[in-house]
Amino acid sequence: MSLDDAITMKPRHITVAVKVGSVTVGGGAPVVVQSMTNTDTADIEGTVKQVADLARAGSELVRITVDRDEAAKAVPYIRDALRKRGVTVPLVGDFHYIGHKLLADHPDCAEALDKYRINPGNVGFKEKRDRQFGAIIETAMRHDKPVRIGVNWGSLDSELLTHLMDENAKAAAPKPARAVMHEAMVQSALLSAERAEEMGLDASRIIVSGKVSAVQDLIAVYHMLSQRSRYALHLGLTEAGMGSKGIVASSAAIGILLQHGIGDTIRFSLTPEPGGDRAQEVRAAQELLQTMGMRSFVPVVAACPGCGRTTSTVFQELARDIQNMIRDRMPDWKTQYPGVETLNFAVMGCIVNGPGESKHADVGISLPGTGESPAAPVFIDGKKAMTLRGPNIAADFKAIVEDYIARRFAPSEMASTTAAE
């Protein structure tokens with residue numbers, strides 16, 4: 001492999017486009033970020049709040065659990081309450097075991113959802129499997145809804161796996177058990193998708209996933225899926241874990257697949273801290289896409305890691321404050337100032353790389369390191385604009401950032417008025 005091959009992103013594996021509400025998944029559309037609530041869906045108020053929070057953070061699809069009658073009854077009310085708040089994010093219903101019954105018994109739920117998620121491993125067992133899977137597909141066609149056929153390592157079709165393991169044991173050169181598991185994952189997804197098509201559900205209404213919890217297994221499964229189908233693909237490392245472990249594992253697996261042009265929608269399945277912020281999984285997915293240069297969601301803040309020259313915590317506090325300000329202001333900025341997400345800011349701790357890094361940013365500040373002159377030059381559009389001093393450097397720099405955004409992305413009529421004055 002040449003150096004160019006190693007660092008160049010592969011062309012996208014172009015899949016069939018699927019409309020989920022107002023969002024397009026696949027067909028060359030930008031990779032979509034999705035998330036899932038962890039509220040009891042029967043708790044309408046709590047679920048509405050969390051869906052709204054996830055949407056505000058940037059989730060473009062939100063999945064909710066529909067596991068019993070009370071949850072199914074709540075779905076239309078959740079949809080309506082969200083719309084009253086101006087939240088139009090598409091809702092995905094997550095069905096296991098009795099999805100066919102819940103959709104049949106609660107047609108308002110079937111209509112309110114924008115997509116259904118089916119797991120072939122637990123949609124039904126033995127003679128009931130085909131009938132119950134078929135019932136969900138028929139409901140999807142009747143309501144013109146797409147489905148995700150989502151295979152999961154932890155609930156794989158045991159009959160299919162046993163059959164493939166038995167065949168492998170009889171082979172002249174048996175494959176490792178892990179390879180047979182990969183094949184079972186792929187076959188379970190594709191056989192189910194093909195059956196849905198045979199029933200009349202168009203490929204433009206089908207998304208496929210094959211989730212596992214180990215990075216190398218995920219990469220192997222999705223390479224196989226991409227080579228053997230053109231269905232839109234949802235990527236996610238299931239049960240990724242908590243904190244940095246979950247973020248690193250998900251980034252490694254999903255990042256490698258995206259680099260190879262595989263994947264149309266992604267989710268970071270992070271375990272939140274008790275009482276923690278569910279929207280962390282949205283921000284982590286966005287940050288992966290943005291750092292890979294695939295999409296822009298928020299302005300990027302470059303900040304140095306600190307060293308012996310930066311024993312003061314001032315630059316760390318300022319970097320944190322700017323990052324928090326961006327997160328808090330972004331929902332308003334993105335409607336007021338289209339394009340603001342492409343900006344780059346720099347918060348540097350000393351004179352070694354500070355001025356140079358700041359010049360590369362749209363707005364950058366180079367704070368004085370230990371023992372240096374207590375002055376912080378600010379660079380705007382590559383040129384030194386001013387020097388900040390005194391105890392209010394952080395507040396002054398945040399005001400500079402706000403003013404820069406307002407001036408650069410002001411509506412044309414406002415810009416014309418300012419120029420005339």
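Modeller: Helices here are DSSP runs of H or I with at least four residues, strands are DSSP runs of E with at least two, and both are numbered from the N terminus. The model is predicted, so local features need pLDDT of at least 70 and side-chain atom pairs count only at pLDDT 80 or more, while totals for chains, interfaces and linings use all residues. Residues are numbered from 1 along each chain as its sequence is written, and side-chain values use heavy atoms, with hydrogens and water left out.

Biologist: How many helices and strands are there in the protein?

Modeller: The protein has 15 helices and 17 strands. Its C-alpha atoms fill a box of roughly 80 × 55 × 40 Å along the principal axes.

Biologist: Why is Leu388 called buried?

Modeller: Buried means under 20% relative accessible area, exposed means over 50%, and partly exposed lies in between, with a 1.4 Å probe and protein chains only. Leu388 has a relative accessible area of 8%, which is under 20%, so the residue counts as buried. Of the 421 residues in the protein, 50% are buried.

Biologist: Where is Leu388 found, and what does Leu388 touch?

Modeller: Leu388 belongs to strand β17, residues 383-388. Contact means heavy atoms within 4.5 Å. Not counting residues up to four places away in sequence, Leu388 touches Ile365, Ala375, Ala376, Val378, Ile393, Asp396, Phe397 and Ile400. Ala375 is 13 residues from Leu388 in sequence, and their C-alpha atoms are 5.9 Å apart in space.

Biologist: What makes β8 a mostly covered strand?

Modeller: Six of the six residues of β8 (206-211) are buried. Ile206, Val208 and Gly210 point one way from the strand, Ile207, Ser209 and Lys211 point the other way, and all are buried.

Biologist: How do you know that β8 pairs with β7 and with β9?

Modeller: Two strands pair if DSSP finds at least two bridges between them. Six bridges join β7 to β8, and two join β8 to β9 (232-235), so each case meets the requirement. β7 and β8 run parallel, and β8 and β9 also pair in the parallel sense. Arg148 has Ile207 of β8 as its bridge partner, and Val208 stands opposite Leu233 in β9. From β8 the chain crosses through helix α9 (215-228) to β9 in a right-handed β-α-β crossover. Right-handed means that, with the strands pointing away from the viewer, the path from the first strand over the helix to the second runs clockwise.

Biologist: What makes one space a pocket and another a cavity?

Modeller: On a 1 Å grid over the protein atoms alone, a cavity is a set of points where a 1.4 Å probe fits but cannot get out, whereas a pocket is an open set with protein on both sides within 12 Å along at least five of seven lines; lining residues have an atom within 4 Å of a point. Grid points are joined across faces, edges and corners, and a volume is the space filled by probe spheres set on the points. By these rules the largest pocket holds about 790 Å³, and the second largest pocket about 310 Å³.

Biologist: Which elements supply the linings of the two pockets?

Modeller: For the largest pocket, α2 (44-57), α11 (280-291), β13 (300-303) and α12 (314-336) each give at least two residues, and α12 gives the most, with seven. For the second largest pocket, β7 (147-152) and β12 (270-271) each give at least two.

Biologist: How do the residues of the lining of the largest pocket divide by class?

Modeller: Ala, Val, Leu, Ile, Met, Phe, Trp, Tyr, Cys and Pro count as nonpolar, Asp, Glu, Lys and Arg as charged, and the others, Gly among them, as polar. The largest pocket has 11 nonpolar, seven polar and 11 charged lining residues. The lining of the second largest pocket has two nonpolar, eight polar and eight charged, and that of the largest cavity has six nonpolar, five polar and no charged residues.
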